[in-house]
Structure formats: C-alpha cells, structure tokens
Amino acid sequence: METYRIKTINRIAPEGLALFGPNFNVGPDEADPHGIVVRSSRVDTDDYPELLAVARAGAGVNKITVDKATAQGICVFNTPGANANAVAELLFTMLGIQMRHIHEGVELCKELAGLDDAAISAAVESRKAAFRGVELAGKTLGVIGAGKIGVMVANGGVQRQMNVVAFDPFPALENIHALSYDVKLARNLAAVLQLSDIITLHVPLNKKTQGLVNHEFMKKIKPGATLINFARGEIVEDGAVLKALDAGRLDGYITDFPNKKNLSHPKVLTSPHLGASTEESEENCACLAVSELKDYLEYGTISRSVNFPTVESIPSGSCHARLIMINRDIPGMIGFATNIIGANDINIASYINESNGLIGYNIIDVESPVPQEVIAKIEAHPDVIRTRIISCHS
C-alpha cells in the first residue's frame with residue numbers, strides 16, 4: 001500500500017490526526033507533502049510540487065490559493081458545519097453581553113474591589129441604571145447567509161423567541177430543510193435590512209462579498225440596528241460601520257475580527273477571533289478534515305470539496321487499479337478516456353464521471369494494470385489536468 005506524506009500547518013487536534021493510520025507520515029516538517037491539513041495559515045499550492053489535496057479544518061478557504069489549486073488538479077476541502085455550534089454559542093453570548101451591557105457592568109464591579117460591603121451596595125444601586133439593557137425576545141433577527149452556521153443562528157433566534165428572517169442568494173437545499181419553520185425567508189437582502197433589529201453575517205469571503213457591508217448597505221438598515229460579523233473581517237468596510245455608529249444609525253457592532261479602526265470605538269464589542277476556538281470544534285474540524293483527505297488519497301473519493309465535484313465510490317472486488325482523470329469540463333472526455341483504455345485491452349469494471357461545471361472528475365476502475373504509455377496518452381490531451389493511479393491491492 002502506498003505511503004502518503006501529510007504536512008500539518010498550525011495545531012491540528014490529535015483526535016483527528018489519529019485517524020490517518022499507519023500508511024501516512026504526518027507532521028509539520030514534511031517538506032514535499034501529498035496532502036496538507038491546515039487550520040488558519042495561508043497555503044500557496046505553488047510551493048508543493050507533489051501536492052494532491054489540501055484540507056482546511058474550518059469553513060473559510062480564502063487563505064488557500066483555490067484557483068491555482070484547481071488549475072493544478074489539487075482538491076481543496078473544508079469542514080462546513082463542524083464549528084457551527086461553537087460560532088453560534090459565542091455569537092449569542094456576545095449579543096447578550098452587548099444588549100445587557102454586561103462588559104460595562106463587570107468593569108464597574110472590578111472598580112469596586114477593596115470597598116466594604118456597604119459602599120459596594122451603595123455604588124451598585126446608584127450606578128446600575130446606566131447598564132439597563134433590552135431583551136432579545138420579540139426582536140427581529142436578520143440572518144444573511146443560510147449555511148450551516150447561519151441556520152444554527154437562525155434556529156437559535158427562534159428558540160429565544162425572536163422573529164427571524166433569513167436571506168441567502170444561493171441556498172443549499174439541505175440547509176434550508178434544517179431551518180425552523182418559524183424562520184421567514186426573505187426574497188432579497190434589502191428586505192432583511194429594513195426589518196431587522198439585529199443583523200448577523202454568515203457569508204463566505206469571495207469577490208462578491210468582500211466589502212458587502214459598505215455605505216450603501218448602511219443606508220438600507222433599520223435605524224438603531226445592531227450589526228454582528230462572525231464571518232470574515234473583510235466582508236465589512238470598517239469606515240462605513242464607524243460612520244453609521246457615530247451618526248446613530250447603527251446602535252452597536254459586534255465582531256470577532258478586531259483591528260486598529262474598530263478597537264477604539266465605544267460602541268464596538270470585539271472578541272479575538274474566537275468563533276471556532278473550542279475543544280469540541282477543533283476536534284470536530286480536525287476529524288472531518290482528516291477523513292476527507294484520507295478518503296481522497298486512498299480511494300480518490302470526494303466529499304465537501306470547494307473546487308471539485310462530489311464523487312463517492314467503493315472499489316469492487318474485481319478492481320485491480322483505480323485510474324483518476326481530472327479534466328476541464330468539456331464534451332467528449334469520457335469517450336476519449338474509454339477509447340484509449342479499451343484500445344489497450346484493459347477491461348473497465350466501472351466508470352463514474354461527475355462535474356461541477358468547471359472540473360470533470362473521473363473514477364475509472366480497471367481489472368488489470370494500466371501501462372505508463374496509456375497514462376501518457378491520456379495526459380497528452382490538452383484538457384486533461386492530472387491523472388492518478390490508485391492500487392486496489394494491498
């Protein structure tokens with residue numbers, strides 16, 4: 001059985017790494033890896049000549065050169081939903097702190113340390129009115145982005161007796177099915193902004209969402225709303241948010257992405273990128289990332305890839321080798337591959353082709369060895385990006 005080299009970047013939970021098994025050499029010092037497991041660092045796929053796949057133990061992949069990876073035939077995985085509960089719990093914790101002025105009340109109590117009980121009681125009674133807050137029940141929560149985290153936040157709002165409205169321009173059916181029946185789906189973003197007392201962002205960072213929250217966005221919100229960003233810092237233009245806070249149009253901003261601009265504003269409540277920082281979340285993400293990467297390297301199967309189609313297949317007993325062909329999604333590629341294989345007297349046990357509109361991914365199980373000259377003929381096609389041979393014999 002082939003041995004695979006796996007490079008780990010950042011701390012990856014040991015419960016996940018333990019899933020790799022004996023035919024994997026795993027560690028941070030693997031210089032020329034077949035696979036990478038990463039948590040938060042940048043990965044440039046150009047730096048690794050033998051790289052086959054990258055698995056990100058988390059949801060966002062904006063720090064990975066996905067476009068380069070696709071052109072090189074490198075599969076990129078993420079772990080959507082594995083950290084959803086951690087993010088949702090922290091979001092509601094921070095929202096409660098903001099709405100009830102808990103952080104300010106805690107600071108008051110610290111100031112009173114050293115006084116006697118009578119002085120403490122007098123100070124508390126005379127000053128606590130300044131921290132009077134509002135309850136979440138009855139407020140309208142607007143959720144922008146109905147992925148795994150957005151769904152959990154929306155359902156959490158319902159559990160807190162909030163009116164919840166959600167919007168996602170490209171919703172996944174499985175996520176929509178997971179939404180509570182009490183969540184209303186808006187037809188456009190403007191409807192969410194006009195209705196919501198609290199607006200929370202749960203969209204991926206890409207060219208369309210970078211700077212989504214700008215001055216035009218702020219003009220459409222309900223006056224006095226609170227904005228929450230636990231998605232990505234670059235989705236929000238800080239200048240637009242700070243201007244809206246100063247003008248009173250926005251009542252507060254809660255974010256997991258502190259920076260020089262937002263840290264000094266009294267109406268901004270920040271946490272130091274703690275959304276997924278729980279033992280449970282890190283373990284869940286690591287286990288899912290390792291499982292994805294392991295299945296891809298050992299069997300060529302794909303689940304939860306951001307740049308390749310989903311393909312799941314178990315080799316049959318008659319399979320001698322599994323030929324993987326990754327190509328640009330154009331007509332005629334299946335016929336091209338089968339003609340070359342058949343012309344060399346190689347019997348195909350099964351053929352699976354899936355596409356995502358950009359990449360065609362083919363799993364071809366054959367009943368005899370595939371000579372190198374056959375691989376060379378397939379690779380000579382200008383639209384074939386990469387091939388692999390995976391042995392089905394131990």
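Biologist: Which residue stands opposite Ile228 in E10?

Modeller: Strands of a sheet pair through backbone hydrogen bonds, either parallel or antiparallel. In this case Thr200 stands opposite Ile228 in E10. The model is predicted: local features need pLDDT of at least 70, side-chain atom pairs count only at pLDDT 80 or more, and totals for chains, interfaces and linings use all residues. Residues are numbered from 1 along each chain as its sequence is written, and side-chain values use heavy atoms, with hydrogens and water left out.

Biologist: How many bridges join E9 to E10, and do the strands run parallel or antiparallel?

Modeller: Two strands pair if DSSP finds at least two bridges between them. Strand E9 (residues 198-201) and E10 are joined by 4 bridges and run parallel. Between them, the chain passes through helix H9 (residues 215-220), in a β-α-β crossover that is right-handed. That term means that, with the strands pointing away from the viewer, the path from the first strand over the helix to the second runs clockwise. The labels come from DSSP runs, numbered from the N terminus: helices are H or I of at least four residues, strands E of at least two.

Biologist: What does E10 pair with on the E11 side, and how many bridges are there?

Modeller: Strand E11 (residues 250-255) is joined to E10 by 5 bridges, again parallel. Ala225 has Leu250 of E11 as its bridge partner. The path from E10 to E11 goes through helix H10 (residues 238-247), and this β-α-β crossover is right-handed. Ile228 stands opposite Ile254 in E11.

Biologist: What is the order of the strands in the open sheet?

Modeller: The sheet has 7 strands in the order E8-E7-E6-E9-E10-E11-E12, with parallel pairing. Its edge strands, E8 (184-185) and E12 (268-270), each pair on one side only.

Biologist: Which residues of E10 lie on each side, and are they buried or exposed?

Modeller: In a regular strand the side chains alternate between the two faces of the sheet. Ala225, Leu227 and Asn229 are on one side of E10, Thr226 and Ile228 on the other, and all are buried. Buried means under 20% relative accessible area, exposed over 50%, and partly exposed in between, with a 1.4 Å probe and protein chains only. Strand E10 (residues 225-229) thus has 5 of its 5 residues buried.

Biologist: What is the relative accessibility of Glu104?

Modeller: Glu104, in helix H4 (residues 102-111), is partly exposed at 33%. C-alpha to C-alpha, Glu104 and Lys128 are 9.9 Å apart in space, and they are 24 residues apart in sequence.

Biologist: What share of the whole chain counts as buried?

Modeller: The share is 47% of 394 residues. The chain has 13 helices and 16 strands. Among its contacts between residues at least 6 apart in sequence, 64% join residues at least 24 apart.

Terms used
Contact means heavy atoms within 4.5 Å.
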